[in-house]
Amino acid sequence: FPYTPGASYNLPRASVEHTVDFMVNLCDQAATNLPWKPDEPVSETGRWTKAGAMALKCKILQFAASPLFDSDKPYYDGSYTMDKGQDSCVWYGNYSKDRWTRCLKACQDFFNALSQNGYYELTEPTGKTSDDYRLAFRNAYVSEASTEVILGTRSSGSGKDTQYFWTQLTNSRNERYSYCPTEEFIEMFPWADGRPFNWDETQKEGKLDYMFIHGDSLKPGTSAYNKASDKQMLVNRTYTRDPRLYETVQINGDLQTYSWNKGATTGNNIEAWVNGSDAGMGPQNQSGYFASGYGNNKYVLGTSSTLLRKQPQWVVLSLNDMILTYAEALLQANDDNTGALEQVNKIRARVGLGGLAECNPSEDLKTNKANLLEEILRERACELAMSDSRYFDLIRYKRADKFAEKLHGLQIYRLAPTNNGKWTRVTDMWWNGDKKKATGPTDYRFYEPSHFDFERVDIKIGARTWWKGFDVKWYLEPFPQTEVNKGYGLTQNPGW
């Protein structure tokens, strides 16, 4: 509204309940006047639809039903009651399971409408290889024609900044584009069959070399060696972890080039070890694109001509998120572990992972609500990475423990054989160094490295203030004090 200095206004901040109801009502009104799906052509996919309005309603009610607002205790000590008998502006004032029931009903309405109207569906793989799973997962969020995207936002124009030129950022290794994943995040991704990854167990078994990529060196004199186009690269390369990991993060040993026709990976291996061709000294100095030992790969799509000069798309609402939201609502509203597991397993099956309960037998996920909720939140982190989903999940569940947890990076050291049959660390590049220098197949430098030392290290450069003590006031950000000072009734969030 136009604000006139000196004028008297009385517009007190609305309660949580009033604000939620107001937004939900807008979604309901919009849903009655919008088409279910976007009109043709595909370029219309960024516009609001009935499906988008119904999905947004589910997301609003999911947040409202979460413990940040729906609890017997406020997240911050102090007065919450507002004038004129209104409920709290940052807290419902009590806990009611009915709020989860309301969210569940909205999810059921959405999926009932989907059943009647169709169109939106998960992007499924065409085969059962890691490349097949990766291609499906990537196409689901990046393709303008994806039927998994309910609402995306993008910028249009003729300049490079508003076109898919930014898909090439990974090639520049520019620190301005760094968003380095942490070791804790990497360890959320299970093994390729769906079993949970455990660092201590894998280290005890002596199989840390297997935790990303596993392959063999070609043996001179064999028929395979004679036929190979590149005798120096690993063969029988196996991706041992959840395919979503390689699509989200640039991983040591993965291949750099991605074919959009078949989804096959080719080209040079990613060298994320200390002084590797890609990482350089970044992991040791905790700087640059691989500061944590990992580089971001989500929304960074290489130089594919299939994507260049097309509109950048950032996914706001998507079907995979809706399925996981539905799973959470089933669990919270009805204590329905079975129904929740069924929904989560739809997401896992798309990338070849086994059933969640079957892969975690010690967690008793078919009856243990708390354990299943934790697994749903972990699954959301893997499936919806780099979309702020994890950040807001931790906020709405008041996870101060996670915000205060000190995080780590990974320092990888390449190992080379010595004359006495042992292994020693070397800090040499391979495809940009030793591969070119090697004298032949009897020279260890000839073969792509496959043995490494791994060290989890504290993140010190760019360490979060939270790690020195998390203040729960940070669950909600402050309003600009200049706005509060205008005196029309806006109250500041607690603690600020």
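1. Start with Asn296: a polar atom of the Asn296 side chain sits 3.1 Å from the backbone nitrogen of Lys298. That is a polar contact (a pair of N or O atoms within 3.5 Å; within protein, one must be able to donate a hydrogen and the other to accept it, and residues adjacent in sequence count only if both atoms are side-chain atoms). Bear in mind that this is a predicted model, where local features need pLDDT of at least 70, side-chain atom pairs count only at pLDDT 80 or more, and totals for chains, interfaces and linings use all residues. Residues are numbered from 1 along each chain as its sequence is written, and side-chain values use heavy atoms, with hydrogens and water left out.

2. Asn296 belongs to strand S7 (residues 295-296); helices (H or I, at least four residues) and strands (E, at least two) are DSSP runs, numbered from the N terminus. Buried or exposed, then, for Asn296? Asn296 counts as buried because its relative accessibility is 9%, where buried means under 20% relative accessible area, exposed over 50%, and partly exposed in between (1.4 Å probe, protein chains only). Not counting residues up to four places away in sequence, Asn296 touches Tyr179, Pro181, Thr248, Gln250, Tyr289 and Met386, with contact meaning heavy atoms within 4.5 Å.

3. Thr248, one of those partners, is in helix H9 (residues 243-248). Thr248 is buried, at 0% relative accessibility. A polar atom of the Thr248 side chain lies 2.7 Å from the backbone oxygen of Arg244. Leaving out residues up to four places away in sequence, the contacts of Thr248 include Phe137, Phe185, Phe189, Asn296 and Lys298.

4. Two residues other than glycine have a positive phi and might deserve a look. For Gln286, phi is near 55 degrees; Gln286 is in the loop between helix H10 (282-285) and S7, and is buried with a relative accessible area of 13%. For Asn236, phi is near 50 degrees; Asn236 is in strand S3 (residues 235-239) and is exposed, with a relative accessible area of 56%.

5. On to the hairpin. Strand S9 (residues 408-417) and strand S10 (residues 423-426) run antiparallel and are joined by 4 bridges; two strands pair if DSSP finds at least two bridges between them. Ala416 has Thr424 in S10 as its bridge partner. There are 5 residues between the strands, and Gly421 in this hairpin takes a positive phi near 85 degrees.

6. Helix H17 (residues 430-437) has Trp430, Trp431, Gly433, Asp434 and Lys435 as its buried residues. What do the buried residues of H17 pack against? They pack against strand S5 (255-258), strand S6 (265-269) and S9. Asn268 lies in strand S6 and is partly exposed, at 27% relative accessible area. Apart from neighbours within four places in sequence, Asn268 is in contact with Met233, Asp254, Leu255, Gln256 and Trp431. Asn268 and Asn432 are 164 residues apart in sequence, yet 9.3 Å apart in space, C-alpha to C-alpha.

7. A whole-structure search gives 1 cavity of 30 Å³ or more. On a 1 Å grid over the protein atoms alone, a cavity is a set of points where a 1.4 Å probe fits but cannot get out, and a pocket is an open set with protein on both sides within 12 Å along at least five of seven lines; lining residues have an atom within 4 Å of a point. The largest cavity has a volume of about 30 Å³, a volume being the space filled by probe spheres set on the points, with grid points joined across faces, edges and corners. Its lining is Pro38, Thr45, Tyr119, Tyr120, Ser146, Thr147, Val149 and Ile150.

8. The second largest pocket has a volume of about 1100 Å³. Of its 48 lining residues, Lys59, Gln62, Phe63, Asp388 and Phe392 are the closest to the centre. Elements giving two or more residues to this lining include helix H2 (50-65), strand S8 (314-318) and helix H15 (389-396). The lining divides into 28 nonpolar, 8 polar and 12 charged residues (Ala, Val, Leu, Ile, Met, Phe, Trp, Tyr, Cys and Pro count as nonpolar, Asp, Glu, Lys and Arg as charged, and the others, Gly among them, as polar).
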